[in-house]
Amino acid sequence: MKTPVIVISGFLGAGKTTFLKRLIDNVKRKLAIIMNEFGEVAIDAEVIKGKAVNMIELTGGCVCCSLTGELEYAINEIIEKVKPEYIVIETTGIAEPDSLIYNIENMPSVVLDNVITIVDCDGLAKFPEIGYTQRVQIENADFLLLNKIDLVNEQQIKEIEMKVREINDRALIFRTKYCNGNLDYNLFFGYFIERNEQKLKPEEKQEEFESIYLEVEGYLDRSKFEEFISNLPKEIYRAKGNVIFKDGKYIFNYVAGRLSYDEFNYNKNRFLFVGKNIKKFENNLKNSIKKILQNE
Amino acid sequence: MSILASIKKINDYTWEIPKEFRKDMRVPVRIYATQKLLNEMDEMVYTQAINVSTLPGILKYSYVMPDGHSGYGFPIGGVAAMDADNGVISPGGIGFDINCGMRLVLTNLTIKDVKPKIRELVDLIFQRVPAGVGSTGFLKLTTSQFKEVVEQGAKWCVENGYGWDEDLEHIEENGCIQGADSSKISSRAIQRGIDQVGTLGSGNHYLEIQWVKPENIVDKEAAKKIGIFEDQIVIMYHCGSRGFGHQVATDYLQIFLNVMERKYGIKILDRELACAPFNSKEGQDYFAAMKCGINMSFANRQVILHRIREVFSKVFNTDAEKLGLKVVYDVAHNTAKLEEHVVDGKRMKVLVHRKGATRAFGPNVQGLPKDYMELGQPVIIGGSMETGSYLLLGTQKAMEETFGTTCHGSGRTMSRTKARKLVRGEELVKEMERRGIYLRTVSYSGVAEEAGFAYKNIDEVVDAVALAGISKKVVRFIPIGNVKG
């Protein structure tokens with residue numbers, strides 16, 4: 001079983017560490033956090049020194065790490081030593097995250113769940129041109145948090161949202177203040193439910209979101225399935241569940257155009273779709289799923 | 001008018017975006033490129049160069065070298081010279097891998113001597129010169145020793161037994177830039193750099209064993225004076241100040257963002273161009289801290305040379321002196337340096353930002369070692385792993401036109417992610433071995449990332465600077481062994 005990874009990206013001072021704190025506080029799971037350096041999450045805790053990584057244990061069972069060795073060694077060491085349910089990587093604000101993302105997508109021990117980019121609205125209002133590095137950070141995001149909205153007016157937020165949409169038209173956008181925007185943090189963890197509870201059930205509680213749950217038996221055709229996923233309506237920003245192909249059984253996770261799999265033993269194809277006003281797609285989805293069954 | 005339509009041709013290798021293109025431009029943008037390279041540049045490079053041209057104190061032009069591509073704020077391959085009295089200093093114009101640079105080392109061995117031992121050499125270097133993201137070196141330093149290193153650079157290394165006295169003469173700034181002040185760097189920066197002296201790092205950093213094919217010597221006379229002969233083996237490597245330089249840049253970017261507008265009234269469009277007046281307290285602090293990055297990098301390349309000499313002397317069972325392992329030169333890519341230049345007929349002090357660009361001083365310029373006074377400064381141009389590399393010389397024309405600056409390497413044409421999607425690292429390694437290049441790496445995906453086709457053609461880039469007259473070709477090297485970070 002692979003360990004899912006979330007990447008947090010964003011400009012210097014955008015609120016990456018604040019967001020990390022919120023994740024830790026709101027999601028009572030065993031996380032391992034890799035930071036560029038031990039940052040502002042100051043905690044008195046025990047330091048576990050490894051070969052490729054320095055770790056400190058946080059209250060609540062998370063582990064916070066600073067990289068001292070090569071990333072892949074570090075990740076494997078963390079998995080071996082602390083067996084986290086999720087790994088969260090906070091990237092440096094001054095570098096493009098695309099290399100790191102690619103590395104994670106190609107590491108055998110982990111699966112990339114999603115990339116969250118924090119956008120500093122106050123900064124973008126003051127410096128209206130989105131620079132190259134910020135552009136790459138925004139381009140690669142599955143979730144975009146427009147943060148510090150309390151420091152700008154509605155008109156400015158709209159302009160920023162438009163600019164950001166021009167760079168990335170697939171990510172789900174949230175508006176936040178101190179990285180807090182009435183978020184359901186489970187949203188960021190696509191691989192939780194299926195692994196930890198055998199029942200996949202809609203659990204997004206936020207009012208504006210709707211979910212659709214579907215099941216089907218038999219083998220699915222992998223290429224048809226991937227085509228189906230890539231053609232999902234924009235309103236659906238998350239899909240997850242289990243699929244059975246001829247070559248094996250998998251758990252899948254889709255967010256804003258990014259699809260990933262891991263091997264997982266479950267005897268049914270099941271799908272959970274989450275999005276805004278999506279109930280109207282239910283019949284269409286049912287029909288489409290029937291079509292991706294392997295005909296034999 | 002679009003940017004592309006506004007580009008004016010000066011001659012076949014020189015192009016300009018006039019000052020009138022945008023109201024806030026203080027100087028025009030000048031691009032050195034062939035038509036083909038110009039067509040290959042992404043438009044963001046031009047936008048970035050235009051943004052740079054708005055910075056206070058910029059002199060003559062905002063330059064783009066033929067290997068230019070988009071970077072943090074400034075283009076990589078960008079040059080901006082600021083009036084030292086009323087100009088700014090900007091970390092984005094220097095780059096985060098401060099003094100990432102190249103060193104070229106001679107041997108008196110030939111391809112016949114080395115070919116049979118190439119695997120042994122590369123394997124041993126791979127072992128002795130650690131590569132990879134967080135790699136740590138064999139040098140165990142205390143904090144106070146590390147502070148000495150960043151203030152004294154390669155000089156510290158030679159004094160402590162890692163090199164020869166003569167090495168220092170053949171390094172930019174003699175391996176130790178004056179004015180580095182370790183009290184201006186954060187403890188985080190020290191933490192990140194303290195065990196990285198003598199390490200290659202990751203990304204586009206590498207060490208190569210290269211071959212001087214007889215047909216690749218362009219300027220026979222200059223080559224001879226430098227000590228280069230037919231079928232000779234040379235060693236070239238590319239690395240920088242690692243996590244240390246990165247942290248110095250991060251620390252000061254945050255400081256600059258806070259004071260730039262509030263305290264100094266400097267308005268910019270793109271935050272990545274954060275800057276401070278060169279003469280301000282913040283500007284001078286950063287300058288002194290950045291110099292620590294420059295010295296850390298000189299020291300890093302010096303310790304690596306020491307390891308290379310150990311490896312060669314072990315494999316050939318002879319002293320490094322007898323093997324002729326002499327430094328040709330060591331050049332910096334990512335720096336800002338205070339230099340004297342003639343601007344509009346007037347000699348003045350200028351802060352030259354070179355980001356992904358190399359100093360290329362012509363003959364008889366103060367600061368060059370006596371061995372190169374007559375020839376001009378050696379410029380070492382790293383190509384990609386597959387394409388080969390160059391040794392050039394600086395020219396008088398570079399002094400007149402580009403503040404003594406030229407290109408640094410071949411520059412990307414596609415993003416790293418795209419390159420890796422197109423090719424698999426393992427296959428590339430095999431393909432290179434078939435072509436006679438033996439390669440060791442910590443990361444296969446990194447190899448794909450640095451694949452030759454992801455870069456502009458090195459020959460084309462070097463032709464552009466040579467034809468524009470800001471450098472002169474001496475010789476081209478072909479790799480036979482490579483250690484990649």
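Start with a quick one: is Glu221(B) buried or exposed? Glu221(B) counts as exposed, because its relative accessibility is 57% and the cut-off for exposed is over 50% (buried is under 20%, partly exposed is in between, with a 1.4 Å probe and protein chains only).

A word on what you are looking at: this is a predicted model, where local features need pLDDT of at least 70, side-chain atom pairs count only at pLDDT 80 or more, and totals for chains, interfaces and linings use all residues. Residues are numbered from 1 along each chain as its sequence is written, chains are lettered from A and ligands numbered from 1 in the order in which they are written, and side-chain values use heavy atoms, with hydrogens and water left out.

**Stop 1: salt bridges**

(A salt bridge here is a side-chain nitrogen of Lys or Arg within 4 Å of a carboxyl oxygen of Asp or Glu.) Both sit in helix α10 (residues 220-226) of chain B, 4 residues apart, which is about one turn of the helix. Helices (H or I, at least four residues) and strands (E, at least two) are DSSP runs, numbered from the N terminus.

Over all chains there are 41 salt bridges. Next, select Asp330(B) and Arg103(B), whose side chains meet at 2.7 Å, N to O. Asp330(B) is in strand β11 (residues 327-332) and Arg103(B) in strand β7 (residues 101-110) of chain B, so this pair ties together parts that are 227 residues apart in sequence. Both residues are buried.

Keep Asp330(B) selected and bring in Arg301(B): here is another salt bridge, at 2.9 Å, N to O. Arg301(B) belongs to helix α12 (residues 281-315) of chain B, and the pair links distant parts of the chain, 29 residues apart. Arg301(B) is buried too, like Asp330(B). Then hop to chain A, where Glu105(A), Asp142(A), Arg170(A) and Arg258(A) are joined into one network by salt bridges that share partners.

**Stop 2: aromatic rings**

There are 29 aromatic pairs over all chains. Rings of Phe, Tyr and Trp (its six-membered ring) pair if their centres lie within 6.5 Å; planes under 30 degrees apart count as stacked, over 60 as edge-to-face and the rest as tilted. Select Phe11(A) and Tyr72(B): their ring centres are 6.1 Å apart and their planes at 5 degrees, so the pair is stacked. Phe11(A) lies in the loop between β1 (3-10) and α1 (16-26) of chain A, and Tyr72(B) in the loop between β4 (58-69) and β5 (76-83) of chain B, so the pair joins two chains. Phe11(A) is buried, with a relative accessible area of 2%, and Tyr72(B) counts as buried at 4%.

For an edge-to-face example, pick Phe278(B) and Phe287(B), 4.9 Å centre to centre with 80 degrees between the planes. Both are buried. Back in chain A, look for one aromatic cluster whose members include Phe225(A), Tyr250(A) and Phe273(A).

**Stop 3: charges over rings**

A charge sits over a ring if NZ of Lys or CZ of Arg is within 6 Å of the ring centre and within 35 degrees of the ring normal. Select Arg270(A) and Tyr266(A): the charged end of Arg270(A) is 3.8 Å from the centre of the Tyr266(A) ring. To finish, go to Lys117(B), which lies over the face of Phe316(B) at 5.7 Å from the ring centre.
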